Amino acid sequence: MKRNETILQPMQENKKKVRETNELNSDTKARRRSIARTNLQWHENKTMQLAEEERNKRAGIAKEAKEEEESMKA
């Protein structure tokens, strides 16, 4: 009986360490996924913002050109 206990105890301790490591790894993976989602969202928002600015800029140029054309006709 004593022999089995000496063999089983390190195995049980090893299983416990592996379980703790797996939990830490899963927490780390979840944190990384969260950061990746946040970064992706930021880049998508920035892209949309830049596209909106470009549209507004083009609309402004088109409006100015139209006004200039109308003033030349008058």
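With which residue does Glu-52 form a salt bridge? In this predicted model, local features require pLDDT of at least 70 and side-chain atom pairs count only at pLDDT 80 or more, whereas totals for chains, interfaces and linings use all residues. Residues are numbered from 1 along each chain as its sequence is written, and side-chain values use heavy atoms, with hydrogens and water left out.

The partner of Glu-52 is Arg-55, the closest N and O atoms of the pair being 2.7 Å apart. A salt bridge is here a side-chain nitrogen of Lys or Arg within 4 Å of a carboxyl oxygen of Asp or Glu, and the count by this rule is two. Glu-52 and Arg-55 lie three residues apart in helix α1 (residues 2–73), about one turn of the helix. Helices (H or I, at least four residues) and strands (E, at least two) are DSSP runs, numbered from the N terminus. Glu-52 is partly exposed at 37% relative accessible area, as is Arg-55 at 47%; buried means under 20%, exposed over 50% and partly exposed in between (1.4 Å probe, protein chains only).

Glu-54 forms a salt bridge with Arg-58, with closest N and O atoms 3.2 Å apart. These two residues are four apart in helix α1, about one helical turn. Glu-54 is partly exposed at 34%, whereas Arg-58 is exposed at 57%.

The protein chain has one helix and zero strands. Its C-alpha atoms fill a box of roughly 110 × 5 × 5 Å along the principal axes. Of the 74 residues, 0% count as buried.
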